[in-house]
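Trainee: Could you pick a single part of this one and walk me through it closely? I'd like the overall setting before the detail, please.

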Amino acid sequence: MYDVIGDIHGHAQKLKLLLEQMGYTDTAGVYSHPTRKALYLGDFIDRGPEQVETVRVVRAMVEAGTAEAVMGNHELNAVAFATPDPDRPGEYLRKHTARNRHPHHEFLRQVGEGSAEYLDMIAWFKTLPVYLDKEGIRAIHACWHPQYIINVQPYLNADKTLKESAWPLIAHRGTPAYIAIETLLKGTEISLPNGLTYHDKDGIERDKTRTRWWDKQARTYRELGLVSEAMRCLLPDQEVPGAERIENDSPHCVFFGHYWMHGEPELLGDRVACLDYSIGKGTASGKLCAYRWSGESVLNKENFTWVTGGYEVRHEPDAGPNL
């Protein structure tokens, strides 16, 4: 039914190779499959060498009805970077600091900052929904958090895109809109207890940690923390308060990207899969990954397929008819 595709980050040729590997054909610039539809998880831009072409391929499919897509945090940041702040004349919703410009520089260079194509692309990013919730399947860029899905509703249109009036709110730290969108598109983060801190791989002192929100078995900060295995021992082996954990027993399958996984794609649970396998790093070990979902309520590792940074492919047969 859906071929769910992870973060692309400007690697258009690898995207085309993955689509062709799954049986999609290019007709007049639009990739399509006779019985299936692609579902993109966002982060089309930044980092890679073919960002404009990546957006063109995805957008053409979405507009032709051969794909659907959700917004990634990089598209969110791009819109905020391009949008003047109504409360701060001369400023933008995402400040044009060196820190904010650095990861976005290559996109601005490739598309031409301020060009007509740039403005058109920013306008299209605003048409991307924050999430998709369909029969049996849910798609979001970083975190399916039931409470923040509820909290974000006042800021969404009927099609789950952000209201125009919401953009200034989500750009200002601490507002309910900001907190909801940050969690859904960038992931959960929890404070460490009792003023504890640790130093990350760059030597920066941290009093919070990103979390493995999908892990139902994780109960302590050490288990729940989204850190490297080398850093895990620095987190306290103390139980996280229940309010900080996401309890999600939905029968829906949940797909997301964002987390720079590595190695061979693995399921994170019977109904949970991350599809970001680090193609954005531009290395031979990175993978552009898809999961071929055909309506099953329990996911199967054999339904992953991918291309690598070195253009090697893992062959999978066509996933069958549209159920």
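Mentor: Of the 323 residues of the protein, 52% count as buried, where buried means under 20% relative accessible area, exposed over 50% and partly exposed in between, using a 1.4 Å probe and protein chains only. Keep in mind that this is a predicted model, so local features need pLDDT of at least 70 and side-chain atom pairs count only at pLDDT 80 or more, while totals for chains, interfaces and linings use all residues. Residues are numbered from 1 along each chain as its sequence is written, and side-chain values use heavy atoms, with hydrogens and water left out.

The secondary structure comes to 11 helices and 16 strands; these are DSSP runs numbered from the N terminus, with helices being H or I of at least four residues and strands E of at least two. Among contacts (heavy atoms within 4.5 Å) between residues at least 6 apart in sequence, 63% join residues at least 24 apart.

A few other buried spots are worth a click while you have the viewer open. R232 is found in helix α11, residues 229-232, and it is buried, with a relative accessible area of 13%. Leaving aside residues up to four places away in sequence, R232 touches R212, R222, E223, G225 and V227.

H9 isn't a glycine, yet it has a positive phi of about 50°. You'll find H9 in the loop between β1 (2-5) and α1 (12-21), where it counts as buried at 1% relative accessibility. S278, also not a glycine, has a positive phi of about 70°. S278 lies in the loop between β14 (276-277) and β15 (287-293) and is buried, with a relative accessible area of 4%.
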